[in-house]
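Here is a short briefing on side-chain contacts and a metal site, written for someone who likes cut-offs spelled out. Please have a look at the structure first.

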Amino acid sequence: MTEFAKLTVTLTEPVAVVRHLRNDFRQESYDHIPGTAVRGALAAQWLLAHGDPDDDFLEIFEGDGVFGPLHSAASLPVPLSVKVHKYRADDDCRVLWWDAIREEVDVCQYCKQTLEFSKGGPIGKVRRTPRTRNALDAEGNARSGNLFNQSSIAAGNVFEGWLSGPALRSLRIDGEPVRTLSLGGKRTIQGNAEVAIDFGAEPEPVELVGKDVVLRLAAPGIFVDKLGLPAAEPDLCELSKVLGVKVSSVVKSWPRWTEVGGWHLASGLPKPTERAVQAGSTYRVRCAERPSEAALRALMVRGVGLRRREGFGALCRPVAPLSFYEWGGVLARLRADMATVERTLPQLHERTRELRSGIENDAPFQDQLARDDQYSIALRKLLDVTDPVLYGRLVTRLESGK
Ligand SMILES: [Zn+2]
């Protein structure tokens, strides 16, 4: 019986986990917290409490436990099996995703636009801190050559992820659950975060279509063939073992190659780059019979392939974003309190202008967000839209009452 824990992390400071360090000091940073960063942050706390790495450390951090990536609904990758509009969807388009796992569609039935496969980018936009900032050293002085450009995920973002196996032991220090983490490490802007751990949480099962299991990667996957050479598909023997049923073939796959590096925790040295398939890669694999619910849940947290302890091969079940048409339901919940909506319209419109300049300011809405009702849930959803064009159109639609 594998044990799981669900980690919910709320950033109290901006965080940037950097993808590439480029020599022009402009950086690309992730929209989520990769498993390597989660593992690094927990390892740093362990070392602070216990001193030098010992056998226990190796079992927790270099053993067969899993430190999964932390994602929000917006930061998960659009599966590569999903077709999307090539250009902006019309207001009347009721659907934004067509999944080739289930249907072969080439044209949107509403706007007649040709569709194209996703490139595996994030589903939505996470809130970012739009300013150039310096990386600070322990004394609060700017480190030379560490000027970062618009690369931090803003404070307030909430991300979730899973740990399993011996990795769970990293979540308690002297018997007490970890409550804060300093996410980051080498090559990153560190940020503090509040942590909530649910030791009893149950992961979602991996998706089933008939007897076929659908694997959608939330992180790059590292697979090898029998000769140890890079492979574009997960190993069928590995899957058969985890699912407890014979997995006979990969029926269809939507992979894309990428490269991954990493840090070796105990030595603090960079790892060599490996070939991997990128997050969003999707596989439909055929099973001889339907796997058990428990096996599907265990697979979701375990992931597939190599270096799973660093979060590689993590799986997910992303949900399609709402179409403009589907936003009608959210706007209706706001309109149920039309008096408040009318009073708030000037601030809601002002936010469109702010979003265009990269500002996300929730302060004018704090009282309403604190309400414990459908209105506050709907308002949170609306304020989570950071695309100024979509947001502006939604506010106009809210105002017009359509
Ligand atoms: Zn359309």
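Buried means under 20% relative accessible area, exposed means over 50%, and partly exposed is in between (1.4 Å probe, protein chains only). This is a predicted model, where local features need pLDDT of at least 70, side-chain atom pairs count only at pLDDT 80 or more, and totals for chains, interfaces and linings use all residues. Residues are numbered from 1 along each chain as its sequence is written, and side-chain values use heavy atoms, with hydrogens and water left out.

**Zinc site**

- Donors are N, O and S atoms within 2.8 Å of the metal (3.2 Å for Na, K and Ca); water is not among the atoms, so sites may look incomplete.
- The zinc ion has His 85 (NE2), Cys 93 (SG), Cys 108 (SG) and Cys 111 (SG) as its protein donors, at 2.1 to 2.3 Å.
- Along the chain, these donors follow the spacing H-x7-C-x14-C-x2-C.
- The 4 donor atoms subtend angles of 105 to 117° around the zinc ion, which makes the arrangement tetrahedral (for four donors, all angles between 85 and 135 degrees).
- His 85 counts as buried, at 10% relative accessibility.

**Aromatic rings**

- Rings of Phe, Tyr and Trp (its six-membered ring) pair if their centres lie within 6.5 Å; planes under 30 degrees apart count as stacked, over 60 as edge-to-face and the rest as tilted.
- By this rule there are 5 aromatic pairs.
- Phe 4 and Trp 162 have ring centres 6.5 Å apart and planes at 90°, so this pair is edge-to-face.
- Phe 4 is buried, at 12% relative accessibility.
- With ring centres 5.5 Å apart and planes at 10°, Phe 61 and Phe 67 are stacked.
- Phe 61 is buried at 0% relative accessibility, and Phe 67 is buried at 0%.
- Ring pairs join Trp 46, Phe 57, Phe 61 and Phe 67 into a cluster.

**Salt bridges**

- A salt bridge is a side-chain nitrogen of Lys or Arg within 4 Å of a carboxyl oxygen of Asp or Glu.
- The structure holds 31 of these salt bridges.
- One of them joins Glu 104 and Lys 252 at 3.4 Å, N to O.
- Glu 104 is exposed at 56% relative accessibility, whereas Lys 252 is partly exposed at 38%.
- Arg 302 and Glu 238 form another salt bridge, with their closest N and O atoms 2.9 Å apart.
- Here Arg 302 is partly exposed, at 23%, while Glu 238 is buried, at 15%.
- Salt bridges with shared partners connect Arg 127, Arg 351, Glu 360, Asp 362, Arg 380 and Asp 384 into one network.

Definitions and conventions. Four donors count as tetrahedral if all angles lie between 85 and 135 degrees; four count as square planar and six as octahedral if opposite donors are over 155 degrees apart and all others between 65 and 115; anything else is irregular.
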